[in-house]
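User: Could you walk me through this structure, please? I am new to reading such models.
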Amino acid sequence: MRKQVKRKVWALVNPITYALEGASITQRDKLDKLRVMEYSALDAITKGKGTITDWHTLTEVLNLSETMARAGVGPEVLPVCEKAQKALYDSALRFKKTGKFGLTGEGIQSVRELIQYADLQQSSISRSEFERYIQKTRDYLKSNNNNVVEII
């Protein structure tokens, strides 16, 4: 019996449309959905009803924004990232002690600024670049797990 190759069947995609979508800036409505999710996570933590999912949502914004800043997209966000990172770290420690997330007033402000900077960063690059930074952040977190502090 001879070996046979199983051929992959790709869905038909218009290459011109695909290229235009990848080269264009991410659509505002998709970015708005991200912002709503991020602000609702911040609001839940601020009100003392935050969950681990809410905390992870905010850390994902932090990690992605920091990756983009280190690559040259909005490097002015790095000091804000440091403040937000400290606030989220303290929030996680508070969760371990009390079972509830919480942020100080300064922490709330730094996370709010971080979300605003992240919006500016993400709306200033093409969708394909944005997806590349998301993958780069995921790869960094996977490969440098000895440098990443997992609190929760």
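**Helix H4 and its surroundings**

Analyst: Helix H4 (residues 78–98) has 21 residues and reaches 30 Å from its first C-alpha to its last, close to the 30 Å expected at 1.5 Å a residue. The expected span of a helix is 1.5 Å times one less than its number of residues. Helices (H or I, at least four residues) are DSSP runs, numbered from the N terminus. The model is predicted: local features need pLDDT of at least 70, and side-chain atom pairs count only at pLDDT 80 or more, while totals for chains, interfaces and linings use all residues. Residues are numbered from 1 along each chain as its sequence is written, and side-chain values use heavy atoms, with hydrogens and water left out.

User: Which residues of H4 are buried?

Analyst: The buried residues in H4 are Val80, Cys81, Ala84, Ala87, Leu88, Ser91 and Ala92. Seen down the axis of H4, the buried residues fall within an arc of 140°, so they line one face of the helix. The arc is that of the directions from the helix axis to the C-beta atoms. Buried means under 20% relative accessible area, exposed over 50%, and partly exposed in between (1.4 Å probe, protein chains only).

User: And what is on the face turned away from the buried side of H4?

Analyst: That face carries the exposed residues Glu82, Lys83, Lys86, Lys96 and Lys97.

User: What covers the buried residues of H4?

Analyst: The cover includes helix H2 (28–46), helix H3 (52–70) and helix H5 (105–123).

User: What follows H4?

Analyst: Gly99 follows H4, and its phi is positive, near 85°. H3 itself has 19 residues and reaches 27 Å from its first C-alpha to its last, close to the 27 Å expected at 1.5 Å a residue.

User: Changing topic: how many salt bridges are there?

Analyst: The count comes to 6 salt bridges. A salt bridge is a side-chain nitrogen of Lys or Arg within 4 Å of a carboxyl oxygen of Asp or Glu. Side chains of opposite charge can pair when their charged atoms come close.

User: Which residue does Asp90 meet in a salt bridge?

Analyst: Asp90 meets Lys86, at 3.0 Å from N to O. Being 4 residues apart in helix H4, Asp90 and Lys86 are separated by about one helical turn. Asp90 is partly exposed, with a relative accessible area of 31%, whereas Lys86 is exposed at 53%.

User: Where else do salt bridges turn up?

Analyst: Arg127 and Glu131 meet in one, at 3.2 Å from N to O. Arg127 and Glu131 are 4 residues apart in helix H6 (residues 127–143), and about one helical turn separates them. Arg127 is partly exposed at 21% relative accessible area, and Glu131 is partly exposed at 41%. Asp43 and Lys47 also meet in a salt bridge, at 3.4 Å from N to O. Here Asp43 is partly exposed at 37% and Lys47 is exposed at 58%.

User: Which residues are linked in a network of salt bridges?

Analyst: Arg35, Glu38 and Asp119 are linked in such a network.

User: Now the rings. How many aromatic pairs does the structure hold?

Analyst: The structure holds 2 aromatic pairs. In one of them, Trp55 and Phe101 are stacked, at 6.3 Å centre to centre and 15° between the planes. Trp55 lies in helix H3 and Phe101 in the loop between H4 and H5, so the pair ties together parts that are 46 residues apart in sequence. Phe95 and Phe101 form a stacked pair as well, at 4.3 Å centre to centre and 10° between the planes. Rings of Phe, Tyr and Trp (its six-membered ring) pair if their centres lie within 6.5 Å; planes under 30 degrees apart count as stacked, over 60 as edge-to-face and the rest as tilted.

User: One last point: what does Leu34 touch?

Analyst: Leu34, whose place is in helix H2, touches Gln122 and Phe130, not counting residues up to four places away in sequence. Contact means heavy atoms within 4.5 Å. Leu34 is partly exposed, with a relative accessible area of 26%.

Note on methods
Helices (H or I, at least four residues) and strands (E, at least two) are DSSP runs, numbered from the N terminus.
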